[in-house]
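Please look over the chain below before reading on. The report then takes up a few of its helices and their neighbours.

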Amino acid sequence: FRKNIGLKPDDILILQPTRVVPRKGIEHSIQLISQLKDPRCKLIVTHEPGDEGMDYLHALIEMANQEEVDLRFVDTCVGDSRYTDEDGRKIYSLWDVFPHADFVTYPSSYEGFGNALLEAFYFRKPVLVNRYSIFRTDIEPKGFEVIAMDGFVTSKIIQQVKRVIDDDQYRKRMVEHNYELASKFFSYSVLRRKLRAIVCNFTGQDE
């Protein structure tokens, strides 16, 4: 995937696995990379613009150009599943992309839950998260270690991201901790167990 989108081996792939709509906060990711001042950092946005018009997309492109941030939209080669199109181009799934990420940004102002965040945990990737309401109530209390922002990127956040990128041992400890917590609280087996309990409570039967 990295080679097909033109990345060099030493480039740092900062992944935003979201659609291009204002509530996803892509401008925060651009600001983050601008302040990191590391030309190896490339911002990759995986999904297409939504049904809210193209103004936000154009504003992001203009902002990235002004901030000299390498911003790439790859929705033409990332789909719901992996396949080869009529022209012989390889289309990747999001799960093909995650393993290549060095860092994941998730600066949404609000989310229904945040499936892409859980996917980042499962793929053992460090994450920047804007503390949207459901994250604060249902995810953060579990003890996940993320770089958390409250609506804007601060100098402290920049330093935290630099440490995650540069310190291999620190990053590994963080992502392994998050993987274990995600497996404990949000795995399919946990979901099946909770659904079974709900069904049994509703029907009055053990099975």
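Predicted model: local features only at pLDDT ≥ 70, side-chain atom pairs only at ≥ 80, totals over all residues.

Residues are numbered from 1 along each chain as its sequence is written, and side-chain values use heavy atoms, with hydrogens and water left out.

**The chain**

The chain holds eight helices and nine strands. Both are DSSP runs numbered from the N terminus: helices are H or I with at least four residues, strands are E with at least two. Of the 207 residues, 43% count as buried. Buried means under 20% relative accessible area, exposed means over 50%, and partly exposed lies in between (1.4 Å probe, protein chains only). Contact means heavy atoms within 4.5 Å. Among contacts between residues at least 6 apart in sequence, 61% join residues at least 24 apart.

**Two helix pairs**

Axes are lines fitted to C-alpha atoms, for helices over the stretch in contact, and angles run from 0 to 180 degrees between N-to-C directions.

| Pair | Angle | Axis distance |
|---|---|---|
| α1 (residues 26-36) and α6 (residues 155-166) | about 75 degrees | 10 Å |
| α4 (residues 115-122) and α7 | about 125 degrees | 8 Å |

α1 and α6 pack at about 75 degrees. That makes α1 roughly perpendicular to α6. α4 and α7 pack at about 125 degrees. That makes α4 oblique to α7. Angles under 35 degrees count as roughly parallel, over 145 as roughly antiparallel, 65 to 115 as roughly perpendicular, and the rest as oblique.

Which residues of α1 and α6 meet? Leu32, Gln35 and Leu36 in α1 touch Ile158, Val161, Lys162 and Ile165 in α6. By class, this contact has five nonpolar residues, one polar and one charged. Ala, Val, Leu, Ile, Met, Phe, Trp, Tyr, Cys and Pro count as nonpolar; Asp, Glu, Lys and Arg as charged; the others, Gly among them, as polar.

In the other pair, Leu118, Phe121 and Tyr122 of α4 meet Asn178, Tyr179, Ala182, Ser183 and Phe186 of α7. Here six residues are nonpolar, two are polar and none is charged.

**Helix α6**

α6 has a buried set made up of Ile157, Ile158, Val161, Val164 and Ile165. Seen down the axis, these buried residues fall within an arc of 125 degrees, so they line one face of α6. The arc is that of the directions from the helix axis to the C-beta atoms. Ser155, Lys156, Gln159 and Asp166 are exposed on the other side. The buried residues pack against β1 (12-16), α1, β7 (103-106), β8 (127-130), β9 (147-149) and α7 (168-186).

**Helix α4**

Six of the eight residues of α4 are buried, so the helix is largely enclosed by the rest of the structure. They are Ala116, Leu117, Leu118, Glu119, Ala120 and Phe121. Their packing partners are α3 (94-97), β7, β8, α5 (133-139) and α7. Arginine 124 follows α4 and has a positive phi, near 60 degrees.

**Glycine 151**

Where is glycine 151? Glycine 151 sits in the loop between β9 and α6. At 36% relative accessibility, glycine 151 counts as partly exposed. Not counting residues up to four places away in sequence, glycine 151 touches His28 and Asn130. Glycine 151 and asparagine 130 are 21 residues apart in sequence and 6.3 Å apart in space, C-alpha to C-alpha.
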